[in-house]
Amino acid sequence: MGRLLKLHTYLVLAFLYLPIAVIVALSFNQSRFGVRWTGFTWQWYVRLFHHHRIAVYAENTLIVAVVSTLIATVLGTLLALGLYRYRFRLKSALKFLIYVPVVIPDIVMGVALLLFFAWVRVHTGWLRLSLVTIILGHVTFQVAYVALVVRSRLAGLDPALEEAAADLGAGGYATFRYVTLPLILPGVLAGALLAFTLSLDDFVITFFTAGPGSTTLPLYIFSSVKRGVTPEIHALSTILIAVTTVGLLLGRALLRRR
Amino acid sequence: MLKPPKRPENRTAVVELEGVRKVFDGETVALDGVSLTVYEGEFFSLLGPSGCGKTTLLRILGGFEVPDAGHVRIAGQDMKNVPPFRRPVNTVFQNYALFPHMTVFDNIAFGLRMRRLPAETVRKKVAWAIELVQIQGLERRRPHELSGGQKQRVALARALVNEPKVLLLDEPLGALDLKLRKQLQIELMRLQMELKITFVYVTHDQEEALVMSDRIAVMRSGRLEQVGLPEELYERPKTAFVARFLGRSNLIEARATAPDRVETPHGPLRVRGGLVPGRRYLLSIRPEKVRLARTPWNRPNAVIARVHDIVYTGAENQYILEAPGGELVAYTLNADISEPGYEEYDYGEKVYVYLPPENLVVIDEPIGNEPGTATL
């Protein structure tokens, strides 16, 4: 029984990670076509960096990820704090609504955003599809993730600590700055890293909210794959995987801190 | 005696409560019109069972709850709309509420830094507070590296370093073991006498309140039952609740037949006097004030009873007695056997129980069906 369970575990792990391992391996393979190993090389990475547009796509991706993460982290943290501190009508409804962007299919979200932006554009002339609309799109789902992570951190926070700060003469801002924020900071940073990695590799919502000239790396990978998978794409994917993994590991380490 | 009893006359009021009322969620009445004055330099305890409103009262003083009605004045200043961070009080919280991300030093310095005192002053004052509560050498530790007793001392230092007009303490010793609690009780009393700061101390432990306080307010269901010196509350409880909550009491229903005579389930008894004939009263007598004898004594208020149970507690023997009007409890000191008049009684033995009139406290309150009361 134990052995069977072990075998099962290995099979699941293989199923999950083998495809990723293959991509990483192929990004170092000398052979341009096919999946036969013919020797180790860095050349696809070198070529990738000489690709004429890749720097622009990477820049777009980073701008979107950094800006949307900053916005979402502030908003998500405030949302979590509001839910922690205050009692108000519709609080339970709001608690439930946080989960909507998390569970709703990305494609629905993407289409909804596209329609919404079109509607705003028709009435005001604003929100032409661009990096700005991608950022807004990313923020909509990132806020939920940040709020959930920060909320879990706040759940372990003794409300008496904020009262103690007030008791010792700290006003609202000082209490937040010197007591609340330092205590929830690991949660805030973990939420930010999660939001960052989600933005970095988002395809579906970006696809619907991107305009001309706002191609990001995932969009580029998708469009290139249509013309055949090249080792450069493997290299690019490997880099994305590495950055995302590092982000997740950092976030996890932060959440473990007491 | 560690401290002389203090009478509050001719002293300055520091905390004044007037008709304070607090209702939670529109239905739970936590405080039902509490009026109370605490004087400068007093060690004042709020005593009562959980849910009696004592913590709510303390939180109203700290500014963490806003009363629905009534007035709160601290040091002569009305506290309406005064937030916690502008009040001349500091709190020692139930579970200490030390800032986990700060060292002991930074925890204690927090209040001083909020007042933007110069770094040199902060250092001096923190050093003073650290010496005061005797935690030298722990300055650089974090709260999770401290024992319960040490945390308690840090919490105390963090509050006292700000030299508040009133120190509010919310069951500060509740989480500690008995031995440490006794030790810290004495230290708290020493600190309070040394610093002459007014303490408002919340506890559900009647012994703690009796030992430490100058005055005690016994609370029940959001109301004050009785406020007074510890010995007043113990010797002359005004209500059956106080008689039972502070120590143990024999409660006997009575109807006055003359100003100094009552009819009770145990038979006619004599009391100190001043009663209205025909009116119903409740008599209370402490178990240690009940006298036992093997042979009849020429004294009033004798009841013949039988020993039903004996509880040996070391310092005393507690006799549970079966009397005609119900159960009576008597404690006798476990004294030297050679002492004249020292007696021990056996299970089932017939004893003469004396309820000395001067020890029978007459409680004049409407009689409900108090559990454990001998009824007429």
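A salt bridge is counted here where a side-chain nitrogen of Lys or Arg lies within 4 Å of a carboxyl oxygen of Asp or Glu. In this predicted model, Arg59(B) and Glu163(A) meet that criterion, with their closest N and O atoms 2.7 Å apart. Arg59(B) lies in helix α1 (residues 54-62) of chain B and Glu163(A) in helix α7 of chain A, so the pair joins two chains. Arg59(B) has a relative accessible area of 22% and is partly exposed. Glu163(A), at 18%, counts as buried because the cut-off for burial is under 20%.

The contact between the chains was then examined as a whole. On the side of chain B, 21 residues are in contact with 18 residues of chain A. The size of an interface is often given as the accessible area lost when the parts come together. Here the area buried between chain B and chain A is about 1700 Å². Carbon and sulfur atoms give 66% of that area. In chain B, the residues that lose the most area to chain A are Phe85(B), His101(B) and Met114(B). Together they account for 29% of what that side buries. Two elements of chain B, β6 (89-92) and α2 (104-114), each give two or more residues to the side that touches chain A. By class, this side of chain B has twelve nonpolar, six polar and three charged residues. Between chain B and chain A there are two salt bridges. Five residue pairs are in polar contact across the two chains, counting pairs with both residues at pLDDT 80 or more.

Salt bridges also occur within the chains. Over all chains, the search of the whole structure finds 26. One of them pairs the side chains of Arg32(A) and Glu232(A), at 3.5 Å from N to O. Arg32(A) lies in the loop between α1 (2-26) and α2 (43-50) of chain A, and Glu232(A) in helix α11 (residues 231-256) of chain A, so the pair ties together parts that are 200 residues apart in sequence. Arg32(A) is partly exposed, at 30% relative accessibility. Glu232(A) is buried, at 14%.

A further pair in chain A joins Glu162(A) and Arg85(A), with an N to O distance of 2.8 Å. Glu162(A) is buried, with 12% relative accessibility. Arg85(A) is partly exposed, at 37%. In chain B, four residues form a network of salt bridges: Arg153(B), Glu187(B), Arg190(B) and Glu194(B). Side chains of opposite charge can pair when their charged atoms come close.

The largest nonpolar core has 36 residues. Those with the most contacts inside this core are Ile108(B), Ile135(B), Leu156(B), Leu167(B), Leu169(B) and Leu188(B). Elements of chain B that give two or more residues to the core are α2, α3 (119-132), α4 (148-160), β7 (166-170), α5 (178-195) and β8 (198-203). Among these, α4(B) gives the most, with six residues. Leu188(B) illustrates the packing. Not counting residues up to four places away in sequence, Leu188(B) touches Leu156(B), Leu169(B), Leu173(B), Phe199(B), Tyr201(B) and Met212(B).

Methods. Residues numbered from 1 in each chain as written. Chains lettered and ligands numbered in written order. Predicted model: local features only at pLDDT ≥ 70, side-chain atom pairs only at ≥ 80, totals over all residues. Heavy atoms only, no water. Helix = DSSP H or I, 4+ residues; strand = E, 2+ residues; numbered from the N terminus. Buried < 20%, exposed > 50% of the residue type's maximum accessible area, 1.4 Å probe, protein only. Contact = heavy atoms within 4.5 Å. Buried area = accessible area lost by both parts, 1.4 Å probe. Polar contact = N/O pair within 3.5 Å; in protein donor to acceptor, adjacent residues only side chain to side chain. Nonpolar A, V, L, I, M, F, W, Y, C, P; charged D, E, K, R; others polar. Core = buried A, V, L, I, M, F, W, Y, C linked by side-chain atoms within 4.5 Å.
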